[in-house]
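Subject: Structure for you to look at

Dear colleague,

I am handing over the structure below, and I would be glad if you could read through the notes that follow with it open beside you.

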Amino acid sequence: LASLVYPSATHSRFEHSLGVVDIADRMMQAVNKKKATEAYDKRDIVEARLAALLHDCGHGPFSHASEFVYDKMSPELAEVRSEDEEKFGGASGHEILAYLIVTSDRFKILWQDICKKYDPAREDFLYDPSKVEWERVGHMIVGAESASCPKYLCQIINGPFDADKFDYILRDGYFSGLVTSVDIDRLAVSLDLHRQPNTPQELCMDIAGATILEQLLFSKMLLFSSMYHHHKVRAAFRKLVLLFTEARRLNLRLGGADLSSAVGFLKLDDYNVMAFAPQNSRLGSIAAAIRDRRLPQRVLVIDRETLSDNGSRVEWVRIGASPEKISKLESDIASGAKLNQGDVFVDFPPEPGVYKTAKFSMIKRSPTSPLIPLDGLYPVGGWLSGYEQFRFRSYILGPADSEEAVANSAKNAFARRGISIDWDIASQLAKWERR
C-alpha cells in the first residue's frame, strides 16, 4: 500500500502485480495531458490507485464461485442494499464487502500504522497519506458518485470501460493462450472528459478511440465463448458452488468460519477451503473431486440447434431464469438416473457482460456535438443477440460413466415440461456415443 503513495518505496518485484493500478494511472495521466488544469489532482491519483489495488479485497475463496453463494443468500448484503439503493444497488457482493472493509475503523487504523513507518519530510510522496479519504476510495470501488467523488473519478475504477476491464481482458487472454488485443497505448490520445448540459462531467472516448472499446468487446466475447463458458470451467464452478452450498446447508464451519454470513467467507482462502473440507465426509468428497479434476462430464449440450422448436426454446429460457426451476429439474434428472442430489447439474452460464460497456461508454464525435453511446456507432446489441442465438450453450452435466442414464432421465424430465430436443445432436456435441 505504501508504494502507491511513496514512489521511492516501490520495488520492481511488486510492480508486476499492479496491472490495474498502472492502467488507472495511464488513464488519469492521459486525461490530464489534454486539460489546461489537471482534472485529476494528486489526491485523486493516490486514492484511485488505492481503489484500484483494493477493489477486489472483498472476494472470498475461489472468487466468483463463493460470491455466487453469499451474494444470493446473505441477508446482511440485502440489508445494506436496501438501506442505500443509490450507492449499492448496482454493486456486486464483493464490491460491497470491499467498500465496507476500506471504510471500516479497523482498516483506517491499519492505514495509520502504515503511514507512521514513513517520514513525509524525507519521502518523495505524492499526497499526505494520513489525509486519504477512505469514503471516496469506497465510492470508487462500488462506482457510486457523490459530492466528494465525481462521476469521472469513479469511472476510472468502476465504469463502462474502467482500468480493471482492460487489465483482466489482457491478463486472462495471456494466461489462457487466447489472443486478446486492446490497444492500451492509444488511451493516451483517445480519453477525454466531457460535460453535457445539466449532467456531471464524465469520462469519454473520442471517435478515433472508439475502436479501443470495440476491441475490448470483441476480446470479452472471445473469452466468454472460449474460456468463461467452457464446459470444464462451468463444471468446476458448479462443484465449488455445491461445496459452499452444502457447508451452509449442514451449518458447518470451515476452519471456524461461519458461512451463513458473507463475512465468514473473508476468513478463508482457496487453500483453507481445500484443507478444512475433509473434516466432513460430504465436503471432503466434493473437495477431493475438485482437487483430482474428477469433474462432472457433459451429457447433453442445449443450444439453438438442439432445441427443436420455438416453444421449447421459450420454456428453456423460462427455466434458466428461475433458480427454483433449475433445482427441480436437476433433482428430477438425478432421481430418474438413480443418482444422488448434487450429482447432476443443469448449468446456464451467465450472459456475457458487455451490455454496460456498450450502453454507457460515451463517444465524443466533435468538441461541440453531444456524446453518443458506443452502441449508437456499432451494432453491439446485434452481437449480443447473435451470441445468445448461435454461440450460447447450456449444459446437462453428470458423473462420468453415467451419461446414458442421465440422458435418458433428462429426456423424460424434458418431455414432462413440453421441451423437445434433438437428442442425437445434443449428445454428439457433448462428445460421447449413445449405446
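Before the details, one term is needed: two strands count as paired if DSSP finds at least two bridges between them. Please also keep in mind throughout that this is a predicted model.

The sheet comes first. In general, the strands of a sheet pair through backbone hydrogen bonds, and the pairing is either parallel or antiparallel. Here, three strands form an open sheet in the order E5-E9-E6, and their pairing is antiparallel. Strand E5 (297-302) and strand E6 (345-347) are the edge strands, each of which pairs on one side only, and from one strand to the next the twist averages 20°. Between E6 and strand E9, which covers residues 394-398, the antiparallel pairing runs over three bridges, and if you look along E9 for the bridge partner of Phe345, you will find Leu397. Helix H23, made of residues 403-416, packs on this sheet, where the helix touches E5 and E9, and its direction makes about 30° with that of E5.

Is Lys42 buried or exposed? Lys42 counts as exposed because its relative accessibility is 52%, and the cut-off for that word is over 50%. Leaving aside residues up to four places away in sequence, Lys42 touches Leu126 and Tyr127. His231, by comparison, lies 189 residues from Lys42 in sequence and 46 Å from Lys42 in space, C-alpha to C-alpha.

Note on methods
Residues are numbered from 1 along each chain as its sequence is written. This is a predicted model: local features need pLDDT of at least 70, side-chain atom pairs count only at pLDDT 80 or more; totals for chains, interfaces and linings use all residues. Side-chain values use heavy atoms; hydrogens and water are left out. Helices (H or I, at least four residues) and strands (E, at least two) are DSSP runs, numbered from the N terminus. Axes are lines fitted to C-alpha atoms, for helices over the stretch in contact, and angles run from 0 to 180 degrees between N-to-C directions. Contact means heavy atoms within 4.5 Å. Buried means under 20% relative accessible area, exposed over 50%, partly exposed in between (1.4 Å probe, protein chains only).
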